[in-house]
Structure formats: C-alpha cells, structure tokens
Amino acid sequence: MSVSGMFRAPRYILAKAQRVVPLCKHPHVSWWVSSRQKHSDPRQYKAVIFDMGGVLIPSPYKLAAEWELKNNLKAGSIWQTILSGEKHVAWDRCMRGKLTFEELVKVCSKEGAANQTVDPVQSYLFDLTSQLHNPASPGMREAIQCIRAEGLQTAVLTNNFWLKGQSFLPVEKVHFDVIVESCREGVSKPGPEIYKRCLERLNVRPEESIFLDDLGQNLKTAAQLGISTIKVEDIATAIHELEAMLGFPLHGYVHGTQAVRKGMEIPTDRLKEYLQTTLGLSSAERLTLRQFSHGQSNPTYHVQSGDQQLVLRKKPPGKLLQSAHAVEREYRVMKALRAAGVPVPKTFAICEDPSVLGTSFYLMEYCPGRIFKDPTLPGLTSSQRRDIYTAMNRVLCQIHQVDLRAAGLEDYGKYGNYIERQVRTWTKQYQASETHVIPAMEQLIKWLPEHLPAHEKTTVVHGDFRLDNLIFHPDKPEVLAVLDWELSTLGDPISDVANNCLTHHLPADVPLLKGMSKCDLMELGIPSDLEYLTLYCDNMGMNPVENWNLYLAFSFFRVTAILQGVYKRSLQGQASSANAETAGKLAEEMADLAWVFAVREGFRIFKSIPAGNQGPPLRKYSTWNRQRSAAGFSSTTSLDANHSRHLVSVPKGHLIISPEGLPAHVQELYHKLTVFMDKRIYPLEQELTDHQKAENRWVPNPRMEELKNEAKADGLWNLFLPLETDPEIKYGAGLTNLEYTHLCEVMGRSLHAPEAFNCSAPDTGNMEILVKYGTEAQKEQWLLPLLEGKIRSCFAMTEPQVASSDAANIEASIVEEGDIYILNGHKWWTSGAMDPRCKLCVFMGKTDPQARRHKQQSMILVSMDTPGIKIVRPLSVYGMEDPPGGHAELVFENVRVPKENILLGPGRGFEIAQGRLGPGRIHHCMRLIGSADRALQLLKHRVKTRVAFGRPLAEQGTIMADIANSRIEMEQARLLVLKAAHLMDTVGNKEAASEISMVKLVAPNMALQVVDRAIQAFGAAGLSGDFPLAQFFGWARALRLADGPDEVHRAVVAKHELKH
Ligand SMILES: Cc1cc2nc3c(=O)[nH]c(=O)nc-3n(C[C@H](O)[C@H](O)[C@H](O)COP(=O)(O)OP(=O)(O)OC[C@H]3O[C@@H](n4cnc5c(N)ncnc54)[C@H](O)[C@@H]3O)c2cc1C
C-alpha cells in the first residue's frame, strides 16, 4: 500500500439537512460518501481521455529525433523507414495486435541488416521500449489526480503493441477508469471505432469528453465525433489549456482534496492576515487552499503556505441551527483528548470571531500517514492486518478510558440512557425524511425502545469510529490520529465498537463503503466482529457484551436514518453529494440488515428465557387442568372463581403458556371475557345459529348489535390489534399477540363470539392493514367506522379461474385513467361481502402485469356501493352459507375508484398481503384451539352421562383413548400457537414465518381430529344443528384452505428448513 501523506476530512453529508429539515435537534449527521464529487463546471465534462505516447509518456517521434541526432542520421529517417512499404503494413498490424513487437522488429531489421552493421531502426525500436518506462510527467500526473478528485473519469486511448507477451503500457493504471489499447481491440486510431469503444466504456457522450493527443490526424477523428480536443505539443501548455476548459486548477494536488467548491470559498487575504498574526506565518508565501472532498457538513480545507501545511475546519456558511456544526466542541474535545494521550491531530487555534472568515473555525496540524479505506487491507500480510485491527482496538479503548474529570470533559454530554436518546433522535430524523414505508424501520422503531440496554457505561464516545477515520503510521501498526470528532459526546462506549464493526456485516459491493461480510476473515488475518469485541472487552477489563446484536441493530438503524435523509434530499434536488441518491436507496438494505440483528437479539432473549423459574408453580402452567366455564352446556354458566388466585406478573419477554401467567390487566380482560362468554354468548348461541338458517338470514341479527354494544361497554373491544401495529394504543387494546392468543382462544369457543368483540375476520386483517398502510384520509373513511363496529368489510383476492393459493396468479386488473382506477375482475370466496353492513372491499388486482412477479399487484379500497360491483351468488361450505356475511362470488365490471384509494401505492399489493398474513391469520389458529377445547369439553360431558352396552361411554377404552389423544394434540397445537405469537412479538412476523405456517397447518388439522372424535362420541346428534360441533368441523375444514392450503404452509416450513 502506498504511503500517502494526508489529513483527510470527515465525511459529513447532511449539512444542508439541518437547514432543510430542522425537526431534529441533533446537529450532527455524518456518514460516508465517495470522494468522487460531481464536477461543478456548467460545461459538465465527465471524462478526459489521454493518448499515451507524447502525452503521458514521451513522444516516440521526439525520441526518434533525439536518436537520429545522436547517431548522425538524417532527421525523420527512422519513421520514414518504419512507415514505408512492407514495414508500414507490419507497423499497422503490430498496432492492431496482429503482430508482436518482436516480430515487427524482425521485419524492420531485414532491410537494414543488408547494408549496415547496426540496424538503426532495430536499435531505435529497442531503445523506444526501454526508454519509455518513465511514468507520466509530474505535471501531467498531478493534473490527472486533480481531474479525478473532481469526480471526472480518466481514460487512456492508445495505439500500442504486444511486447514480450504483454501489452506495452508504461502508465500507472490506477489513475485511469478506462484503458483502451489498440493491440487488444484489433482497431487503432485514427479509425473512429476505437474512440467509440472508449466513450462507451466511459459511458459518456462525445461532447462530455476531452481528448488529448500529439498527432493531428488522431485529434481530427475525435473532433469529427464531437469530442473536444487538445493538441499536445508541450505538456505545460496542454495542461494550461485543459485547466481553462475544465474550469478548475490542475496543480497543487493533495490526496483526498479537490478544488474549493462553489459557495465554500474563503477570503484568502483575511486568512493570510490571521495566520500571520496568530501563528506567525510568513506573509511572503503564496497561500494555496484545497478542500477535503468528504467534508460536507463542516467544510475542511488543506492550507499550504510555503512548506507549512495546515488543516482548517469551519462551520458552513449560511443560517444554521444553534447547536449544529459545533466546531468549538470538536476543538475542545480534540484538545482535551490529546492532553490525555489519545492520538488526535494537534490543534493550533480557534477563531470564534465571524468577522474573520464568516463563521467560527479552527486550525490543526496536517498529519501525513496511511488511511485504509478498504477494511480488508489489500496489500498487507495477514499478520500486518491483525496488527492494524489490534492497534485500532487499542486506540478505541484509550478513548473510552479517558478520565472525564481529569480531562475536563465531565460536562461534554449527558450521562446514561445514551442509546435511548439516540434511538429517539434518529427516529425523529428518519420520520422527518420518510419518503415511503420501510417495513423494517417501522419494526425497529417499535422494537428498539423495548430492548434498550439495562446498564450503560458513560465515556467519551467518538460517534463515528471507523478504520477510515484513523491515520496510521507510514510503516508501523500505530494510530497517529483519530479524525472526525463531530459526533463525539458522552455516551455508551459499546455503540462505538458496534459502529466500528459495521463493515464486518456489509458486502463488498455496497457502493459507499466497502464491507467484508463475504470475506474469509481468518485467512485475511482480520478478527471477526465477535473476536474484535472480545479483544475490546479484554482490553477494557470488562465482562462480555451479551446484547451485542442490539448494538449492531441500533448502528444499522442509525445508518438507515442517515441514508434516508440523504435520499429524501436527493429527490428534492438538494442533496449535497452526487452519491446521495445511491446512498438513500441503500436505506432499505441497511434497515433489513438492522432488523436481522434485532431478530438475532430477539432469539437470544427467547432462548435465554428460563423455563418455569418465574410465576406460579409448574403445574399451573399446564393449561388443561384449569377450571373451565361450563360453556359446553348452553343451560349452565359458571365463573372461574380461581382467577384472582393466580394473578402473577410475568416479566416481559416470557412465553406465557397459561392465562395465569398474563399481566394483571390482561388477566382482568381474560376474566371479563370468560364472564361475558358465559353470561351472554353461550346462552344466545342457539338463537344466533337458528337465525343463520332462517329466511331472513341475510339480515343481520339485532341480537348481535346488542352483544356488540355490551362488549364495547365492557372494554372487550378491538382486542385483536397487536401492540406492534398500534404501539401508541390509538386504535386497539394494546395487547401483544401472545396476550391476545389467550383471549382469542376463549372467543374461539363459539363461532358467534368474535363478531361480538369486533374481532372477526376479515375485518381484523383489513383494519390492521389500514392501521399499517392507510393514509389519514383512508383511516378516517374506513378504519374508524370499522373500529367502531359500524360497518363491515371484505377482502377480494381469490378468483375462480386461477389457482389463487399463489396470489401472483390473480388476473383482476386495476387500470389507471386520469385520476381514477378502473377495476375489472371475477372474484369468489369473498367472505363478508353479502352482509348489508359491508361497506368496504379491499380489492387485489394487477396494476402492472409487466412488472416483476411480486410487483405487479396492488390493493385498493373500494366502496361496496360503487357501480359495477355485482354479487353473483353466495357460496356454501358443506351447505353452510355463513350468513349474514357469507362467502360471495362477485364480478367487478369497470368499477371506477378514486386514485387516492390505492393502498400504499401501485405495485405494493404483495407487500401488504405479506403484512396481512401475520396476526390476522393466526387468529384463526388461536380460535381453533378454543373450538377444539370446547368440543372436548362437550365430549367429556356427553360420555360421562351416556350409557351404552351397560356402562358409561367414558369407560370404553376407545373413548378414553380419544379423550387422551385429543388433549395431547390440543396441548401440542396450543404451545405451537403460543410460540408463534410470542415470536411475532419478539422477532417479528417475517422471522416467525415458519412457525406461523406450522400453526396454520397444525391447528385446523388438530381441530378436525378433535371435533371429529366429539361428533363420533355424540352419535348422530353430533352432526345436527343442536350442538356447535358440525359447524366447528365445517369451519376447521374450510380453514385448511381459507388461510392457504396445507401444502403451501408445508412448503414454507420445508423451504425454511432447507435454508438453515
Ligand atoms: C371459507 C372460505 C373463506 C374464504 N375467504 C376468502 C376471502 O375472504 N377472500 C379471498 O380472497 N379468498 C378467500 N378464500 C379463498 C382461499 O383463500 C383460497 O381458496 C385459497 O387461497 C386457495 O386457493 P384456490 O381455492 O384457488 O386453490 P388452488 O390455488 O387452485 O389450489 C388447489 C390445491 O392445489 C394444491 N396446491 C396449491 N399449491 C400447492 C403447493 N405449493 N404444493 C402442493 N400443492 C399445492 C393444494 O392441494 C390446493 O388445495 C376463502 C376460502 C374459504 C374456503
């Protein structure tokens, strides 16, 4: 690795954000951007193309002239010979790679050898290839560096040849983005083809490029193609000309810098005066200023005055937030840390007088050394790499070990709750710049505050500690300076370690920061993040960090928030970097990565849950032996008098396997619910069932409205809406999925119950997507009346003509026309659509059949009274029509829907469907446990009182086996449902996907078995309408399809298994 002396400025990119989005008090927003800044010249040249001989290396013609002079040959004779007759053809072929240089020399030697002892052409050609090994002239080299520093591309376009098996190319390739060699291409200048190839590879138009060559014929073709040209006769003049065309200086290059950007100029005379009076610098020397490329928040300059090199860092010009860009803080912390022995650049002076340069600024030393931008440290041996990482770890510990009082930094920030404060800050920042829903961010915003570290140390934190913020000694593994102190404060030191390890988890192709997630770290000699953390803990003498994944989740969350800010401004055309848009688009990837770590942390917590060491004695965790209400007998009611005996509070995060383990307020709901079921639902059950068979069955039963009002008054309302969807408890009861599982199971004991509590499908799923994805207007129009139970809704996805278990198959169309969408499609099994109270249909169709498979679909909210919606017929399940909602076959014919009714946006339908698959779908499973439990209870009562062949049925071995098997299967299924719900709470629906699929398969099949046994034990009565068993059976069977066929769930589980 080459040693480059530099002080490199930090990468601050949200400077403008503080002015544009001043919502967040946090002043510092820093992240990396590429050093390639966009060229500001209005001409917008994007590339400079260099010929080789005569431009980058000495001209072969000039060399020939010198050679001729030295050897007393006639001027021009060498090239005259080469370019004549057979040799000319050979030369031409050699340029196009058809002949090697060695072969060319042989051809050129034939004639010469006959009449001269020394063949001049041969000797010249040998000389040519040996002499030309000089790199470009220093002036040209510096010009190229300056060009690249401004973000323009550079290319070599050369007529060259094969020499000793390689192409002859004596240039420093690292300085060029594109190299086009005639011997490789088979075409040569001045033919236009080779120019076109060069432009194509640069991906620029001819008028966006400049070509430098010493031969007029080569320039002529370039000019004919529309390329700007410079004839190189003398390097200095050519550079001068190029400088004028580009509009920025091509001298004074310092690594990591570029010309001072527009609007960032500094009055040099005033600076000169200040340097004279403050630092005693000579007035005679010329002051040269360049700006560090990465410095976008606080502009940072390289200042050269004679031999003196300094770095100047200032606040940006313009109106700023009071706390933003606090260069004074940077100066203070650097001074204090240096005094405490931490390697930071020496500071010289701070000027807070705005009359000097317009804003406060400070001066520090320019530290030459190595900066490693690539975390894999190419070019170093594995032991050198290990040493570099060890040195970095050591210096981080040094920072964290600084005695705050001794360093005078006690008041440099707040104490404690650092991560909590940061999460709040970045959440605000993110929300202020949100352009679209990033599901992982939504989850993190809820998840992070619930998983904050319990204990935090407070030390100086750097805030953006990374390998490329360090300057290393030119030869030794020693950190000379830590840069970028803008985000420093007092805080939790582990956040610095996590930030330091971000690159461990980023792939190499992240455009803005090279990661090493796919590298073999062991082979490279680089410690893994856990080894690095262990080293840190050892160096600090502290215990291992258990919640490391939380810190990584937080770090990536922060990165996402920053990138999202950049992205938003790039959309508004205010981005401060050419890479802003790319940066912003990465936001989603980073959020997903953050969520991966949150999930890992969730699993760690889940695995660390002690089995049964909290709460009531172990026996109480068994759900089967608790006293049930007498729900099996419509005539009897009894309350569980034992409820209050088991009120125990179970710590958050525990898998609560029985209602006795629920938090007190949920137990209260549970208790109220069982009372309501006993007192109001079971006694009315038969009447409600009878109404479903009556002639007026499609008219809602007024009894149900009464029940709804009573349940609402009892606070047993909208219990389904999970806390994760509704964290502020704006709409629902604020229960976790796990807590609701226990309640939902109780509701499942009667098919009529869910509606009474406004917890029935498909309204629950629809309400949840409206909460999650609906606009405020959509919420007002649909969500609120649904939440109030005033209207009902349906969900129209399935179509008769296609296999709808694969939602990508659906064919209904949603076609944009002006400010409306026109819907056409044939749907069936649209549950609830028959109900006269059904006012909303969530319709799924394709907006773009040409898009990627899962981007074709959209969901749109359709008012059921829109012209064009026709109900074809109600469908039935085993003859049961399930009125008044029913399951309708519908036709949508040119249904015109306002554009603003689209949910989330076109092409987002699949995404919403995935979101809908979570809670809404496992509710059925929860309820099925209740149905099965009720069936078993009915069975038990029946077999105890019914005698056949001289003894109660209960004494028959087969019946006992049925009872035992039913309980066993039910307990297994219940535990799996609880686990799925718990995982949804702790690690999210996506991660719980396998468990969700398992329960969707297990619960209906279990319920079918159990209910079937009950029906058998009841004899013919079991099939009748006198007991709920037949309906339970029909519904459980339907659910093996309605929530997706078993086979699809099995496929999800299997795929998950095969992946891990
Ligand atoms: C009572 C009830 C209510 C419903 N309510 C609604 C509603 O409100 N809204 C709505 O849009 N839809 C609803 N549906 C429809 C339900 O979602 C679909 O029936 C289900 O998605 C299956 O689609 P399909 O009927 O087109 O079956 P198909 O997709 O044709 O599948 C038929 C069979 O193919 C097999 N199969 C499919 N995929 C696989 C695979 N990957 N591997 C192996 N075998 C496979 C399975 O055996 C499956 O049963 C309801 C269905 C019922 C029964």
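A: Start with one term: contact means heavy atoms within 4.5 Å. Keep in mind that this is a predicted model.

Q: What covers the buried residues of α19?
A: Buried means under 20% relative accessible area. The cover of the buried residues of α19 includes the helices α15 (382–400), α17 (418–432), α21 (529–540) and α22 (548–571). Strands β14 (459–461) and β17 (489–491) are also included.

Q: How many residues of helix α19 are buried?
A: Count them along residues 493–500: 8 of the 8 are buried, so α19 is largely enclosed by the rest of the structure. Among them are P493, I494 and V497, and also D496 and N500.

Q: Step back to the chain. How many helices and strands does the chain have?
A: Its secondary structure comes to 36 helices and 26 strands. The chain holds 1060 residues, and 56% of them are buried. Take the contacts with a separation of 6 or more: 71% of them join residues 24 or more positions apart.

Q: Now two helices. At what angle do the axes of α7 and α11 cross?
A: Find α7 at residues 138–149 and α11 at residues 235–246. Their axes come within 10 Å and cross at roughly 15°. Angles under 35 degrees count as roughly parallel. That makes α7 roughly parallel to α11. The crossing is left-handed.

Q: Which residues make the contact of α7 with α11?
A: From α7 come G139, M140, A143 and I147. From α11 come I235, I239, L242 and L246. Sort these residues by type: 7 are nonpolar, 1 is polar and none is charged.

Q: On to a sheet. What is the order of the strands in the open sheet of 6 strands?
A: Read across it: β8-β9-β10-β11-β13-β12, with antiparallel pairing. Now look at the ends. β8 (257–258) and β12 (347–351) stand at the edges, each with a single partner strand, so one side of each has no neighbour in the sheet.

Q: Which helix packs on the sheet?
A: Helix α12, residues 268–279. It touches β9, β10, β11 (308–314), β12 and β13 (361–365). Its direction makes about 105° with that of β9.

Q: How many bridges join β9 to β10?
A: There are 5, and the two strands run antiparallel. β9 covers residues 287–292, and β10 covers 300–305. Check two pairs by eye. R290 stands opposite H302, and L287 stands opposite S305.

Q: Is β10 mostly covered or mostly uncovered?
A: Mostly covered: 5 of its 6 residues are buried.

Q: Which residue in β13 stands opposite V311?
A: M364. β11 and β13 pair over 5 bridges, in the antiparallel sense. β13 is mostly covered, with 4 of its 5 residues buried.

Technical notes:
Residues are numbered from 1 along each chain as its sequence is written. This is a predicted model: local features need pLDDT of at least 70, side-chain atom pairs count only at pLDDT 80 or more; totals for chains, interfaces and linings use all residues. Side-chain values use heavy atoms; hydrogens and water are left out. Axes are lines fitted to C-alpha atoms, for helices over the stretch in contact, and angles run from 0 to 180 degrees between N-to-C directions. Angles under 35 degrees count as roughly parallel, over 145 as roughly antiparallel, 65 to 115 as roughly perpendicular and the rest as oblique. A crossing is left-handed if the near helix is turned anticlockwise from the far one by less than a right angle, and right-handed if clockwise. Ala, Val, Leu, Ile, Met, Phe, Trp, Tyr, Cys and Pro count as nonpolar, Asp, Glu, Lys and Arg as charged, and the others, Gly among them, as polar. Two strands pair if DSSP finds at least two bridges between them. Buried means under 20% relative accessible area, exposed over 50%, partly exposed in between (1.4 Å probe, protein chains only).
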